[in-house]
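Okay everyone, have a look at the screen for a moment. I'll walk you through this one piece by piece.

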Amino acid sequence: RFLFPRDNDLYYKDSYSVSDKKAYSQRDTVVATVGDQELTNGVLQIYYWMNVYDFLENYGYYAAYVGLDYKQPLDEQNCQEINGTWQQYFLQRALNTWHTNQAMALLAEKNGLVLDEQYQDDLANMRGNLTQAAISAGFTSIDAMLQKDFGSIATYDIYYRYIALRYSASGYFAEKYNAFDVSDGVLEAYFARNEEELKADGNTVTVPVKNYEIVTLKLVR
């Protein structure tokens, strides 16, 4: 289990691993904010392990080639990409993922976007669906099932907060993506107006992002 942050920031702490008892006692501790929205250690734990699982699902076959042995403690293995440990790497990814989701959720609220009906139904039925999944898998409760994947401090309420925020962010992203005009004519006109600023590499053109609303992330110590 881990706590974040403690004596110093993500890039320099040798290890964030602590006992289950200490992690449980700090599960509601706020570790980061975006505006008035807060991230707790409990929710961060979900983001952390989801990033680990996503990485292994997408790159598991090549893990050994990049120096990752998922059967060994992540805080004892070097990650060359960040010149730190794999635990630090996944904590960075977890924090960045939450920051992105929270920023998009805030923009969705600001623009009055309503959560898609399917997402609303999923959230409304989540407890029942997870209860059935837990029973089918031989667990005594939802929490017991979640704790197998996300550690001993995971609970339904913590997982629900994670899913609800992800749905809000996904809804905002889908809304903006579907409304974005990427026709050939639009791209050609943009390139003509900004040809000197664009870098071309074969058939790939890097387009600078402009007029994007930045929501500042603050770490709480």
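**Starting in a loop**

So, find valine 66 for me: this residue sits in the loop between α2 and β3. The helices (H or I, at least four residues) and strands (E, at least two) I'm naming are DSSP runs, numbered from the N terminus. Before we go on, this is a predicted model, where local features need pLDDT of at least 70, side-chain atom pairs count only at pLDDT 80 or more, and totals for chains, interfaces and linings use all residues. Residues are numbered from 1 along each chain as its sequence is written, and side-chain values use heavy atoms, with hydrogens and water left out.

On our scale, buried is under 20% relative accessible area, exposed is over 50%, and partly exposed is in between (1.4 Å probe, protein chains only). Valine 66 and cysteine 79 are 13 residues apart along the chain, and their C-alpha atoms are separated by 7.7 Å.

Valine 66 also belongs to a nonpolar surface patch with Tyr61, Tyr62 and Tyr65, with about 560 Å² of accessible area together. A patch here takes residues with over 30% relative accessible area and no salt bridge, and nonpolar side chains (Val, Leu, Ile, Met, Phe, Trp, Tyr) are joined within 5 Å. By salt bridge I mean a side-chain nitrogen of Lys or Arg within 4 Å of a carboxyl oxygen of Asp or Glu. The areas come from the Shrake-Rupley method with a 1.4 Å probe, and for residues only the protein chains shown count as cover.

Further along, asparagine 83 is in the loop between β3 and β4 (84-85). Asparagine 83 isn't a glycine, yet has a positive phi of about 55°. At 68% relative accessibility, it counts as exposed.

**Now the hairpin**

Next, β1, residues 30-34, where 4 of the 5 residues are buried. This strand runs antiparallel to β2 (residues 37-40), with 4 bridges joining the two; strands pair if DSSP finds at least two bridges between them. Which residue in β2 is the bridge partner of alanine 32? That's leucine 39. The hairpin has 2 residues between its strands, and glycine 35 takes a positive phi near 60° there.

**And the inside**

Leucine 39 turns up again in the largest nonpolar core, which has 41 residues: Leu39, Ile46, Trp86, Phe90 and Tyr159 touch the most other members. A core is a set of buried Ala, Val, Leu, Ile, Met, Phe, Trp, Tyr and Cys residues joined through side-chain atoms within 4.5 Å. Elements that each supply at least two residues of this core include β1, α2 (41-59) and α7 (156-179). There's also a second, separate core of 5 residues, with Leu107, Ala108, Ala169 and Tyr172 among them.

Zooming out, the protein chain has 8 helices and 7 strands, and of its 221 residues, 34% count as buried.

Terms used
Patches are made of residues with over 30% relative accessible area and no salt bridge: like charges are joined within 9 Å, nonpolar side chains (Val, Leu, Ile, Met, Phe, Trp, Tyr) within 5 Å.
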